[in-house]
Amino acid sequence: MNSIGLIIKREYIRRVRKKSFVLLTLLTPLLMIALIFVPLWLSSIKSSEIFYVSVIDDTGKYVSLFKDIDNYRFFDGKVSAPASSPEMKEVFATLTITDDLLEHPQAAALYSHKQIPESLSRTVNETLRKQIESDKIASYQIPGLEEIIRESQIRFQVQTIKLSDDGRESQSSVSLAYAIGILFTITVYTFIIMYGSMVLQGVSEEKTNRIVEIMVSSVRPFDLMMGKIIGIGLVGLTQLFLWTILTMVGVTLIGLFFGIGADAAAAMQQGGTAAAGEMGEWMAKLQSFNFTEILLFFVIYFFGGYLLYASLFAAIGSVIDHPEDSQQFMTPIIMILVFALYAGIYSIENPDGPLAFWCSMIPFTSPVVMMMRIPYETPLWQMLLSVALLFASAIGLTWLSAKIYRVGILMYGKKPNLKEIIRWISFK
């Protein structure tokens, strides 16, 4: 046991001191923050270039509908360019309307020497659509029909209320449950692949460099494998913890720098009770989720899933002679994880259905699928049974992998077949 502790310490310290670990730990939160704020920042930047659009309307009923917006300036092409815009050098696009669009929808066309921007196409379509809709309503000659139609357009969304065991009611949210499930599911999926592959790479490199021959002279192969698996797993948890802290701090600082907090406060003051009520409603919905349970089972499934797959990756690393050979062995494992990810996503439609239930019991898919189901109030007995099956399978698979590891780690120059690997497992 002491030797396992020494190997865990060696693996952990050696990896957290690497420049790649430090750079990845620091750059990943910056990338996450950039993905959040850069699109918002770019969307706020408006181009100063003005585009002139000529409207040639043979009917005379549509040209007055087009008003100048953003970077687009509309003018009556049958008259001339407006005197207020002498800087206009050329017409960017020309809209022609040759007939009544209610009777002939194909009578309108937008011409340009360049590809029409989506914003211009959307503006023209929306402007004409509203007028055609108004003309259609007027053609029925029913007094007040437009107002009746407007009042009949009602947006409705049923409230979702969660009842506790003692009968208390609390607001819930399907969209929040989906978001929380997706977040933890993708996190488990990503970390199993990332750090499981790191185990395979570490074992393969030590075998290729013949370093392992020196190590096994003083340490049992099982202790060496377990020390490497646990040490790399702790590195993963450390990195996840640092990523969470740095991302939260970064988002807060950038939000304050850009005045998001001040804007929110101003909106609260201007919006009054409505804004405060909306924020209070979202807070109430968040409180309906048992985050203590979600985080607890996240850690449990992370450890169980990582142990299960890392032992497989360690066994693969001990069998291959060259790192490039690992791809053919990893492909089936990656396919299983990808299936688990899709099964988890499809389980949203029916969290208690057959697909969700059985995939949350199968150890190879349960770490991913169950994290999607937990926000939907999965029965406790199912979660406990799933955890028991996961760790029992992880321990059994670790034992089998250790059998392969102790022989394969010292085997060179020959790629073993399945029959030979089975013989290694039965070897005492």
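**Briefing: a loop residue, a helix pair and aromatic contacts**

Q141 is exposed, its relative accessible area being 71%, in a model that is predicted. The place of this residue is the loop between α3 (118-139) and α4 (145-152), and although Q141 is not a glycine, it has a positive phi of about 55°. Most residues other than glycine have a negative phi.

**Packing of α10 and α11**

- Helix α10 (residues 291-319) packs with helix α11 (residues 326-346) at an angle of about 165°, and the two axes are 10 Å apart.
- Because angles over 145 degrees count as roughly antiparallel, α10 is described as roughly antiparallel to α11, and the crossing in which α10 passes α11 is left-handed.
- From α10 the contact draws on Y309, L312, F313 and I316, while α11 contributes F329, M330, I333, I336 and L337.
- Sorted by class, this contact of α10 with α11 comprises nine nonpolar residues, with no polar and no charged residues.

**Aromatic pairs**

- The structure holds 15 aromatic pairs, among them the edge-to-face pair of Y309 and F364, with 6.0 Å centre to centre and 80° between the planes.
- Y309 lies in helix α10 and F364 in the loop between α12 (354-361) and α13 (366-373), so this pair ties together parts that are 55 residues apart in sequence.
- Y309 is buried, with a relative accessible area of 1%, whereas F364 counts as partly exposed at 31% relative accessibility.
- Ring pairs also link F184, F191, Y195, W243, F298, F302, F303 and Y306 into a cluster.

Technical notes:
Residues are numbered from 1 along each chain as its sequence is written. This is a predicted model: local features need pLDDT of at least 70, side-chain atom pairs count only at pLDDT 80 or more; totals for chains, interfaces and linings use all residues. Side-chain values use heavy atoms; hydrogens and water are left out. Helices (H or I, at least four residues) and strands (E, at least two) are DSSP runs, numbered from the N terminus. Buried means under 20% relative accessible area, exposed over 50%, partly exposed in between (1.4 Å probe, protein chains only). Axes are lines fitted to C-alpha atoms, for helices over the stretch in contact, and angles run from 0 to 180 degrees between N-to-C directions. Angles under 35 degrees count as roughly parallel, over 145 as roughly antiparallel, 65 to 115 as roughly perpendicular and the rest as oblique. A crossing is left-handed if the near helix is turned anticlockwise from the far one by less than a right angle, and right-handed if clockwise. Contact means heavy atoms within 4.5 Å. Ala, Val, Leu, Ile, Met, Phe, Trp, Tyr, Cys and Pro count as nonpolar, Asp, Glu, Lys and Arg as charged, and the others, Gly among them, as polar. Rings of Phe, Tyr and Trp (its six-membered ring) pair if their centres lie within 6.5 Å; planes under 30 degrees apart count as stacked, over 60 as edge-to-face and the rest as tilted.
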